[in-house]
Amino acid sequence: MAKRIYFFDDPEPVGRELLGGKGAGLAEMTRIGLPVPYGFTVTTEVCREYYRLGGRLPDGLKEEVIQSMHRLEDKAGKKFGDPSNPLLISVRSGARVSMPGMMDTILNLGLNDETVLGLSRLTNNERFAWDSYRRFITMFSDVVLGISKDEFEKVLDEVKEKEHVKYDAEVSAEGLKEVALKSKELVQKITGNPFPMDVWEQLFMAIEAVFRSWNNPRAILYRQLNNIPDDWGTAVNIVQMVFGNMGDDSGTGVAFTRNPATGEKELYGEYLTNAQGEDVVAGIRTPKPIKEMAQEWPNTYAELTHVAALLEKHFKDMQDMEFTVEKGKLYMLQTRSGKRTAQAAVTIAVDMVHEGLIDKETAVLRVSPEDVNHLLHKRIDPSAKGNPIAVGLAASPGAAVGTLVFSAEEAVAEASAGKSVILCRPETTPDDLHGMVAAQGILTTRGGMTSHAAVIARGMGKPAVTGTESLKLDLDNGVVTAPGGVTIKRGDVVTIDGGTGEVFLGALPLVEPEVSAHFEELLSWADEFRRLGVKANADTPEDAALARKFGAEGIGLTRTEHMFLGHERTQIVQDMILAETTEERMVPLQKLLELQRSDFIGILKAMDGLPVTIRLLDPPLHEFLPEPHEAAKELEQAKRNGAPAEEIERLERLYRRTVQFQEHNPMMGFRGCRLGIIYPEIYEMQIRAVAEAAVELKKQGYNPRFQIMHPLVGTEAEMKFLAEMTHKVVNEVLGKNGIELDYKVGTMVEVPRAALVAGDLAKYAEFFSFGTNDLTQLTFGYSRDDAEGKFLGAYVQKGILPEDPFISLDRNGVGRLVELGVTEGRATRPDLEVGICGEHGGDPKSIEFCHQVGLDYVSASPYRVPLARLAAAQAALKEKRGEIFKDK
């Protein structure tokens, strides 16, 4: 039987897969000689077994835990449940990756009506003993018995009011004793059973509760948001209690070895004196900055600074540490790689390379593509004039504007209605997670830089302002009062700046972010390692310029249909559709030619010297026409109003065309290259506009490079017809002007048949670009617009699909078509250029797949170009290290 329990000082190294992150960190700190309380870990495999058994502890586990507790008693010199010298423990969760606040912890376990008296005598501190007992009753009742901690907070508040004190730490020993006794009465009243006095019963109930917390709603949601497998399970850590609530020479805190918001190299964090475990992150009291410890406890601060440096050097990453100080002695309770903002992630990775702690490959692998995406946060326009109504802590950078809501449920409801919201709470808890997901930004009146709100918002890349104590929050009436009597009601618009901590009434203008020097340096390293090229999807010169600024190596998709939009252009396009003959059609086409030529000049100029792939008209013609009932209504109204005969005739033709071009299934109807074959003059106009634009730029000294892409091709005959048309028109324009230009003709592979006959298409196509949006729709038989709104979410939730195939490429189906298309195409044309231009071009998992199957490039929206550059580099490095996964 595999070993199920490991002590922190066991000599054999065991990974976080079994010990979880917390257990592995405690074991490693013990191994390198840091001050860690005694304890042991029940492995994640036991959690998995617990669920396999239908929610029952495995046979023999209780006996192993009892033996381990006796060993722990020997180490601690105390006895579990002994009234004269009681051993108290914490029971803590610990997944293999950090899931802050998502699962449960119980402190001070082992207290009952007898041991609390023993603890009081042993420490000669009655107040401390009763404070620990009332905390234990609250936590155990909340986590194990399912009684909301709010019920116990009411009991505490009543006693504070009676004693005329504000903070928990000011309540007297007698007051805390009253709280504990009334809390036990509350348990009896709600459950019908007395609070358990048997410490062994407490222990096993707590272990099961921690295992159950792996599948609580907030933990499940967190795993879904962060792509954490459901079958990993959590370990349980049994740790000897050390106490931060023994007086003013005791305390508890959280510290980071570097600033998690900016990445600056400084000890950063918060602590509370005379407090315990969860007080700092729960936001019950606003903690002190860690730097104040240098004056209050200089020796402890020096020791903590030394430990921080040692841990960072050992783990070669920024560490998030939890510690307790008991009567002046420092104990380390946790270390893990710290959650950080995107800005901090980049800064820390680059700085650690310069400091010699890590190499460039490690730095590139350490920053997630999502971090890069978050880096492109909006901020308040510096020229905007606004006076903050309150200032809190700058907990998570970026700015957000939205209507104020006061509950997670409100946030979800308002966001579902299409509104941007700011979630305002006294402090957030894990139960608010769904509201934090829905909100644009988070605002709290309590809590610090390491509170739940701050940590989770930073992980999500959402702006957050915490600890805004000057705001007075009235949840019952949905009102916030700011200094000076300013009131903000539910539904009012506010702006928050998570970079400065400022809160503004009303909507301030936001501007796009700027790329930092650290960011540029990291991406330059990524470019050294990646094999995949990165292009952009861009339809305007402005998008093209932005893409180039972000490092795009060309444009992989320009959608020409977007150039047909706008009142003036739509009218011309409608005239083209209404034309009965080719001759009639040439009049509006000539107008469109001039407009398109101008469009292409702008885009080719913005991407001078880089390739621009231009997709010819793709959507069905009815998209440029009104709905038949609207056309009929307009026609009848014109007749009633006595409109001129020519106008009546035009509206009658328009109505006939709307009926003629309506389709039962436009996704698979008269669109794409089918239009160019039936109405070749449309595609010829577009090809001519591209060629003439390139010629004009060439004459001006530019270096235009263009590629003509034909959409929706599915047969060799279609590709042959379109390639010959393209070469004929382009060569005619070039010959007329006496200019030579390199260009390519290719197709967007978006129907399954195109992938299946890719070898035939490659006889005439010089490049393929996989249009995976449509290829996914046609392979699955899903209409994206309908599926995403009606059943895809449920399919993912129920496990019918592992993930949304429109977000991450379906490797087993669509991916096999892509791989087949690449193989067959290059068998015919070895130098065939192959890329991808669907939304998957900006998805890290899909980019990894594109690297695996040998694509030449991915193309993504301009703002996802930096993400794609990093993801492509990581795919190459993971392959080099043998870490890239091979499942298709």
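Start by selecting Cys-424: leaving out residues up to four places away in sequence, Cys-424 touches Leu-404, Val-405, Phe-406, Leu-443, Leu-473 and Val-480 (contact is heavy atoms within 4.5 Å). You're in a predicted model, where local features need pLDDT of at least 70, side-chain atom pairs count only at pLDDT 80 or more, and totals for chains, interfaces and linings use all residues. Residues are numbered from 1 along each chain as its sequence is written, and side-chain values use heavy atoms, with hydrogens and water left out.

Colour strand β17 (residues 421-425) and you'll find Cys-424 in it (strands are DSSP E runs of at least two residues, helices H or I runs of at least four, numbered from the N terminus). Cys-424 is buried, with a relative accessible area of 0% (buried is under 20%, 1.4 Å probe, protein chains only).

Next, jump to Asp-843, in the loop between β32 (833-836) and α34 (844-852). Which side chain of opposite charge is nearest to Asp-843? Arg-864, 5.6 Å away, and buried Asp-843 has no salt bridge (a side-chain nitrogen of Lys or Arg within 4 Å of a carboxyl oxygen of Asp or Glu; Lys and Arg count as positive, Asp and Glu as negative, while His and chain ends are not counted). Show Ser-808 too: its side chain is in contact with Asp-843. Beyond neighbours within four places in sequence, the contacts of Asp-843 also include Ile-807 and Leu-809.

Methods:
Buried means under 20% relative accessible area, exposed over 50%, partly exposed in between (1.4 Å probe, protein chains only).
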